[in-house]
Amino acid sequence: MTRAELLADDPLWLILIKAVVLLLIGPLMTMFMVIFERKVVAWMQHRPGPNRVGPWGLLQSIADAIKLPFKEQIIPTTADRKVYFLAPIVSVIPSFLAFSVIPFGPQVSIFGEQTVLQLVDLPVGALVILACSSLGVYGIVLAGWASGSAYPLLGGLRSAAQVISYEIAMGLSIVGVILYSHSLSTGDIVDAQRDGWYFYLLIPSFVIYLISMVGETNRAPFDLPEAESELVGGFHTEYSSMKFAMFFLAEYTNMVIVSMFATTLFLGGYMAPWPISLIGDNYLNTGWWPVLWFMGKTMLLLFVFVWLRGTLPRMRYDQFMRLGWKVLVPVSLVWIVVIAGIRAFRNEPNISTSQILVFGGVALLVLIAVAMLIPDKRARAEDEYLVPVTGGGHPVPPLDLEVPKPPKRRSLSEAKVARKPAAVPAGQSTSDTPDKESE
Amino acid sequence: MSAVLAAAAAEVSTGEAIAFWVLGPVALAGALGMIFARNAVHSALWLVLTMLSLGVMYMVQQAPFLGFVQIIVYTGAVMMLFLFVLMLVGRDSSDSVVEVLRGQRLWATVLGIGIAGLIVGAVSRSLTDVPVENLQQQNAGGANVNNLGKSIFTEYLFPFELTSALLITAAMGAMVLGYLNRHEKGMKRTQKELVEARFRGEYERPSPLPGPGVFATANSVATPALLPDGSVAPESLSRLIDSTASETFSDEIKSVAGTEPGPDAHALTPSTKDTSTTDTKNTEDTEETR
C-alpha cells in the first residue's frame, strides 16, 4: 500500500491520537528550546546560564511557562482591541497546522494498526508549509498595527516586507528539490532521497533555504521586526501576559517547523544517516527508529539557529533586503535554470556524458569571454571637486585645515614640584580655596 | 482528505455539502464585512477571510494545488502588500470625499452595474448549462500538480506567457514611474556624498554639531558640552529648549546678584568675559553656601 492509501485507511481514533501528539509537539519543543537556547548561548559565552530552578536549571522553562500567563495584562488605550486580541491567535494557529504534513517516520504499527507517522500526505504537502508560514506573518503584522504605537508598527512593517521577500527565495529553493523528486508531497520527497540526500546534490538550494528559513522565522541575525536595540521589542512591545506567551510559542514552533521541513527536503527526512544505515541491512531504518534520526536532524538545525544567534550581529535592514532580492533570488533563479538544463540533457538518450562535458566547457569559456568584455567601473576621476579619499575610502581633511596648537606641557620636574603641597598633613590649612574661605 | 476527494462523485457528497455550508456563509460574511467595515485595515482582514474560505473550497473541490496557491499568493502575498500600504497610510486617515477625476462616480456606477450584470449572467449560465465535471481523471494517483503543469506548458502555453508578460510589464511600469535617480541634482544625498560635500565646504562645518554634555548631576539635553579647556561649547546648547533662558537672562541674574564685572582696565581684551563668567560661578556658589 502506498503512503496515501495507508493514511486514508486510518481509523478515527488513530487520527485523533496523531492530532493530539502533533498539538503537543509544538509547546513541548518550545519549552525544550527555551532552556536549550539559553544553555547553549550561555555555554558559548562562558557563563552558567539558568541554574536556579531544578537540577542545572533544567526546569527553568516550566517556571517560565507558569509565570508568563499569570502576569498582568496591559492593553494600551490606543490599541485596536479586536485586532489586538486576534493577532497572537493568528500567529500561533498556522504554525501548529504545518505539523500535519511533516513525515516523522515510515510505516509502523500502532496498536496493531499499520500506518505512517504522518497526519496527512497531501499531493501538495510542501505548499501547505509555505501557506502556513505566509499566514503566520499576519499575526506579527497585525500585532504591530493594532498596538497603536510607533515601534510595534515599524516592527510590523519590517516583518511584512521581510517575510514576503524571503518567502520568494524559500519557494525558489524548494523548486530544485521538487524538480529532482518529481513530487510536491513531503512523503514522496523523503522517499526520493533514498539514493542521495539533497543537501549535497543541491547545495545552492540548501544554502538558500537555510538563509531564508532564518529570515522567515525572524531569528537573529535577521530578527529586525523585534530588533531590541532599535525598536524596543518590535511588534510585541505592547503585548504582555498570555498574549506575549503566544507570540513566543509561535516563534519557537515556527523554528521547529522550518527545521523539520529542511530535514524533510534536504537531510533525507527520517532516513538513517550514512554509517548507521549500513548496520544490519538498514535495520535501523525500520519501525520506530527513524523518529530518532528525524528528531536528531531537526535538533541539529535548531542548534544552528541558536549558534547563529550566539555568533552573528544583527544585519542592517537595507543590507538584509539587498541580500534577499539581489543575491538569494537571482542565484536561485540561475540555479533552477541549471538544474532544468542538467535534467533535460540527462533525459536525452542520444547525448553522452563526454559530449555534455565538452559543450559545458565551451559554454563556460564563452561566459568567461563575455565577462571579460564587460568594462570595469570607471572611477569618477574627472570630477575636479572630488575630495581625495584614502585607501580605505575615508575622506581626508582639506589641505587648508588649521590644526590647533597642542597645549604647552609642563616638564616632569615642574609637575613634581607642583604636586608637593598635597603631602601636607590634614588639619593644617595651607590652601586657600573659596570653600574654606566662606566657612 | 484524499478519501474525501476520491469519494466526491458527480453528485455532491455529504462532506462537500457540509464544507460548502460552513465556508459559504463565512465567505459571504467576509465579503459583506469588507464592504461595510469602517476601518481600511478591518476591511482588508475581512477580505482575507473571504480569500481563505475560497481557498479551502478549491481544496474541497479536488483542486488542492489551486487552493494552496490561492492561500500563498492571494492571502499571503497580495493581501499582505495591501495591508502594508494601508498601515503606511495611517489608521485614522479616512477616504477623501473630493472627486479628483470628473464624473468618476457616474462611471464607477455604470461600470459596476455592467460588471455585476456580467457576473450574474455567467453564474446563472453555470447553474444551468455547464456540465458537472469530475476531476478524478485529472487527479489520478495524486498527479494533480503534474497534470496542471503539463496543461499549462502545452495547451495553455500562450495565454500563460501572455499573462506573465502582462505582469512583468506592470512591474516594469511601476518601477519606471517610481524610480528616482538619487544622483541627480536636488535629490537627497547619500551618506558618502554628504561627507564629501561637507569637506568641500558646502556646509558650515565638516562635523555635526557637538552633542549635549552629560554630567553626573544631569542628563538633560540642556546641559552644555564642555570644550577641552573647560569652557562651555556654545554650539552644544539647543536654541529650542527653554532652559537656555538662563543663558538669555544671565545679565539680569548677574545684576541681581551684584556680580557684574565692574570697570575693568583690560575690558578691551577678549578673554575678560570668559574669566568673569567663571568668577561669577564661583561667587554664586559661595553665596549659596553662606
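# Briefing on a predicted two-chain model

Chain B exposes about 21400 Å², and carbon and sulfur atoms supply 66% of that area; accessible areas come from the Shrake-Rupley method with a 1.4 Å probe, and for residues only the protein chains shown count as cover. This is a predicted model, in which local features need pLDDT of at least 70 and side-chain atom pairs count only at pLDDT 80 or more, while totals for chains, interfaces and linings use all residues. Residues are numbered from 1 along each chain as its sequence is written, chains are lettered from A and ligands numbered from 1 in the order in which they are written, and side-chain values use heavy atoms, with hydrogens and water left out.

**Chain B overall**

- The secondary structure of chain B consists of 11 helices and zero strands, where helices (H or I, at least four residues) and strands (E, at least two) are DSSP runs numbered from the N terminus.
- Read from the N terminus, the elements of chain B follow the order α-α-α-α-α-α-α-α-α-α-α.
- Of the 290 residues of chain B, 20% count as buried; buried means under 20% relative accessible area, exposed over 50%, and partly exposed in between (1.4 Å probe, protein chains only).
- Among contacts in chain B with a separation of 6 or more, 38% are accounted for by residues 24 or more positions apart, contact meaning heavy atoms within 4.5 Å.

**Helix packing in chain B**

- Helix H3 (residues 40-60) and helix H4 (residues 64-89) of chain B pack at an angle of about 175 degrees, and their axes are 8 Å apart.
- Axes are lines fitted to C-alpha atoms, for helices over the stretch in contact, and angles run from 0 to 180 degrees between N-to-C directions.
- H3(B) and H4(B) are therefore roughly antiparallel to each other, a label given to angles over 145 degrees, whereas those under 35 are roughly parallel, 65 to 115 roughly perpendicular and the rest oblique.
- Residues making the contact include B:Leu52, B:Gly55 and B:Met59 of H3(B), and B:Phe68, B:Ile71 and B:Tyr74 of H4(B).
- The residues of this contact divide into 18 nonpolar, four polar and no charged; Ala, Val, Leu, Ile, Met, Phe, Trp, Tyr, Cys and Pro count as nonpolar, Asp, Glu, Lys and Arg as charged, and the others, Gly among them, as polar.
- B:Ile71, which lies in helix H4 of chain B, is buried, with a relative accessible area of 6%.
- Not counting residues up to four places away in sequence, B:Ile71 touches A:Ala131, A:Ser134 and A:Leu135 of chain A, as well as B:Leu52, B:Gly55, B:Met59 and B:Gly76.
- B:Ile71 and B:Val56 are 15 residues apart in sequence, and their C-alpha atoms are 8.6 Å apart in space.

**Chain A overall**

- Chain A has 17 helices and two strands.
- Of its 439 residues, 45% of those in chain A count as buried.
- The accessible surface of chain A comes to about 24300 Å², of which carbon and sulfur atoms hold 67%.
- For contacts in chain A between residues at least 6 apart in sequence, 78% join residues at least 24 apart.

**Nonpolar cores**

- The largest nonpolar core has 106 residues, and those with the most contacts inside it are A:Phe104, A:Tyr209 and A:Met213; such a core is a set of buried Ala, Val, Leu, Ile, Met, Phe, Trp, Tyr and Cys residues joined through side-chain atoms within 4.5 Å.
- Helix H5 (residues 125-146) of chain A gives the largest share of this core, 16 residues.
- Beyond four places in sequence, the residues that A:Phe104 touches include A:Leu22, A:Phe99, A:Met260 and A:Phe294.
- A second, separate core of five residues includes A:Val92, A:Phe96, A:Leu249 and A:Ala250.

**Individual residues of chain A**

- A:Trp56, in the loop between helix H2 (12-44) and helix H3 (60-67) of chain A, has a phi near 55 degrees, a positive value in a residue other than glycine, and is exposed, with a relative accessible area of 67%.
- A:Asn218 also has a phi near 55 degrees; this residue lies in the loop between helix H9 (203-216) and helix H10 (228-231) of chain A and is buried, with a relative accessible area of 4%.
- A:Ser241 lies in helix H11 (residues 241-266) of chain A and counts as buried at 5% relative accessibility.
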